[in-house]
Amino acid sequence: MALNLFRSFSRSIPSVALRGSFPLVTQTIRLEPAIIEYVNKHRQLNRFSTEAGGQLFGLVNTDEVRVVLATGPYRGDERGRFNYRSNSMAAQQAIEIQAKAGLLYLGEWHTHAEDKPNASESDMDAMKKLLASSKLNVNALLMLIVGRMGELDGLGLYSVGNFEINHWILVEDD
Ligand SMILES: [Zn+2]
């Protein structure tokens with residue numbers, strides 16, 4: 001196994017759109033370049049940086065879920081090296097503001113202090129609770145996890161439904 005003592009992660013990531021797909025699911029998920037750029041700014045690139053996160057918004061039709069806006073982090077969030085929770089009042093306010101602008105609340109994003117992020121048990125539990133407790137216009141929520149690598153492998157896109165959790169396959173999109 002190679003041991004890299006020194007490794008650097010590029011701070012600026014070319015902003016490309018990404019598309020997520022999952023076997024047997026007809027809808028795909030498009031993450032607009034602005035989303036990728038936004039969340040990548042919050043990567044935990046040094047050993048002291050804490051998790052950041054917020055909410056995802058966009059549009060849904062029968063073919064596609066399009067994520068067009070990310071918000072957060074907010075003042076009053078719970079932020080640690082390995083945990084993040086949005087200030088619930090700030091999150092709710094963002095949801096209401098975006099609803100007026102015609103954007104649906106689609107889910108949550110947060111960073112991880114690992115190169116290629118994996119959803120933790122507590123991430124899954126938090127998403128299930130959120131899905132169960134909220135009055136939503138959608139029947140599943142997205143969870144985007146932003147690792148240190150920033151590029152394709154550095155992003156984890158999950159959807160959490162009442163009965164299943166999907167880990168979406170991401171590719172670059174036009
Ligand atoms: Zn997490």
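The following questions and answers concern a predicted model and the grounds for the terms applied to it.

Q: What makes H110, H112 and D123 the donor residues of the zinc ion?
A: The zinc ion is coordinated by NE2 of H110, NE2 of H112 and two OD contacts of D123, at 2.0 to 2.4 Å. A donor is an N, O or S atom within 2.8 Å of the metal, so these atoms qualify. Water is not among the atoms, so the site may look incomplete.

Q: Why is the site of the zinc ion called irregular?
A: The angles among its 4 donor atoms run from 57 to 155°.

Q: How are the donor residues of the zinc ion spaced in sequence, and where do H112 and D123 lie?
A: The spacing is H-x1-H-x10-D. H112 belongs to the loop between β7 (104–111) and α3 (121–133), whereas D123 is in helix α3, 11 residues apart, and the pair links distant parts of the chain. Both H112 and D123 are buried.

Q: What makes the peptide bond between G72 and P73 a cis bond?
A: Its omega is about -5°, and the bond is classed as cis. Most peptide bonds are trans. P73 is found in the loop between β4 (64–70) and β5 (78–79).

Q: How do you know that the buried residues of α1 line one face of the helix?
A: The buried residues of helix α1 (residues 33–40) are I35, I36, V39 and N40. Seen down the axis of α1, they fall within an arc of 120°, so they line one face. What covers them includes β1 (17–21), β2 (28–31), β4, β7, β8 (140–146) and β9 (155–161). Helix α1 lies across these strands and runs at about 45° to β4.

Q: Why does Q98 count as buried?
A: The relative accessibility of Q98 is 14%, and buried means under 20%, so Q98 counts as buried. Q98 is placed in helix α2. Not counting residues up to four places away in sequence, Q98 touches F57, L69 and L103. Helix α2 (residues 88–100) lies across β3 (53–60), β4 and β7, and runs at about 20° to β3.

Q: Why does N61 count as partly exposed?
A: N61 has a relative accessibility of 41%. Buried means under 20% and exposed means over 50%, so this value places N61 in between, as partly exposed. N61 is in the loop between β3 and β4. Its C-alpha atom is separated by 10.0 Å from that of T28, 33 residues apart along the chain.

Q: What makes β10 and β11 the edge strands of the open sheet?
A: The open sheet has 9 strands in the order β10-β9-β8-β7-β3-β4-β2-β1-β11, with mixed pairing. β10 (165–167) and β11 (169–173) each pair on one side only, and they are the edge strands. The twist averages 30° from one strand to the next. β11 pairs with β1 in the antiparallel sense over 5 bridges, and R19 stands opposite V171 in β11.

Q: How do you know that β8 pairs with β7 and with β9?
A: Two strands pair if there are at least two bridges between them. β7 and β8 share 5 bridges in the parallel sense, with W109 opposite L144 in β8. β8 and β9 are joined by 7 bridges and run antiparallel, with M143 opposite Y158 in β9.

Q: Why is β3 described as largely enclosed by the rest of the structure?
A: Of the 8 residues of β3, 6 are buried, so the strand is largely enclosed. β3 runs antiparallel to β7, joined by 6 bridges, and the bridge partner of Q55 in β7 is E108. β3 also pairs with β4 in the antiparallel sense over 5 bridges, where V60 has V65 as its bridge partner in β4. β3 and β4 form a hairpin with 3 residues between them.

Conventions
Residues are numbered from 1 along each chain as its sequence is written. This is a predicted model: local features need pLDDT of at least 70, side-chain atom pairs count only at pLDDT 80 or more; totals for chains, interfaces and linings use all residues. Side-chain values use heavy atoms; hydrogens and water are left out. Donors are N, O and S atoms within 2.8 Å of the metal (3.2 Å for Na, K and Ca); water is not among the atoms, so sites may look incomplete. Four donors count as tetrahedral if all angles lie between 85 and 135 degrees; four count as square planar and six as octahedral if opposite donors are over 155 degrees apart and all others between 65 and 115; anything else is irregular. Helices (H or I, at least four residues) and strands (E, at least two) are DSSP runs, numbered from the N terminus. Buried means under 20% relative accessible area, exposed over 50%, partly exposed in between (1.4 Å probe, protein chains only). The arc is that of the directions from the helix axis to the C-beta atoms. Contact means heavy atoms within 4.5 Å. Axes are lines fitted to C-alpha atoms, for helices over the stretch in contact, and angles run from 0 to 180 degrees between N-to-C directions.
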